[in-house]
Amino acid sequence: MTQSYTLVFVALNQPILIGRFMLIFSRRRIDVTDFGFRKLNEEQGEFYITFNAQEWTAQNLQKQINKQIDVYYSSLQTNN
């Protein structure tokens, strides 16, 4: 069953990461409904991506992002 999820993660404050995140989602044909960024300090930023997917797909996306991009923290939340 498809649900809405939000993936929140803290990573380096680099604009190039936005493209890398979207590439991961587009390769898997995941429907991204919202994307945002908040600067935490000069070196770190908080990214959030809201998307629709099945639970196992959402968990796999979180693992892939942690593996492919150097993130400090990540959290997967359901939107109910």
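Predicted model: local features only at pLDDT ≥ 70, side-chain atom pairs only at ≥ 80, totals over all residues.
Entry 1: Arg20, Phe21, Ile24 and Phe25 of α1 meet Leu61, Ile65 and Gln68 of α2. Sorted by class, this contact has five nonpolar residues, one polar and one charged.

**Entry 2: the geometry of the helix pair.** I noted that two packed helices are described by the angle between their axes and the distance between the axes. I then looked up both values. Helix α1 spans residues 16-27 and helix α2 spans residues 55-68; their axes come within 11 Å and cross at roughly 140°. The two helices are therefore oblique to each other. I also recorded that the crossing of α1 and α2 is right-handed.

**Entry 3: the sheet.** In what order do the four strands stand in the sheet? I found an open sheet in the order β2-β3-β1-β4, with antiparallel pairing. Its edge strands are β2 and β4 (71-78), each of which pairs on one side only. On average, neighbouring strands of the sheet are turned by 15° against each other, direction ignored.

**Entry 4: the strand pairs.** I went through the pairs across the sheet. Strand β2 (residues 31-39) pairs with β3 over eight bridges in the antiparallel sense, and a hairpin of four residues joins β2 to β3. Within β3, Glu46 is the bridge partner of Arg38. Strand β1 (residues 3-12) and strand β3 (residues 44-53) run antiparallel and are joined by ten bridges; here Leu7 has Ile49 in β3 as its bridge partner. Between β1 and β4, also antiparallel, I found seven bridges, and Ala11 has Val71 in β4 as its bridge partner.

**Entry 5: the helices on the sheet.** I looked up which strands each helix touches. Helix α1 lies across β1, β2 and β3 and runs at about 20° to β3. Helix α2 packs on the sheet, where it touches β1, β3 and β4. The direction of α2 makes about 170° with that of β4.

Entry 6: I ended with Gln62, which lies in helix α2.

Terms used
Residues numbered from 1 in each chain as written. Heavy atoms only, no water. Axes fitted to C-alpha atoms, helices over the stretch in contact; angles between N-to-C directions. Parallel < 35°, antiparallel > 145°, perpendicular 65-115°, else oblique. Left-handed = near helix turned anticlockwise from the far one by under 90°. Contact = heavy atoms within 4.5 Å. Nonpolar A, V, L, I, M, F, W, Y, C, P; charged D, E, K, R; others polar. Pairing = 2+ DSSP bridges.
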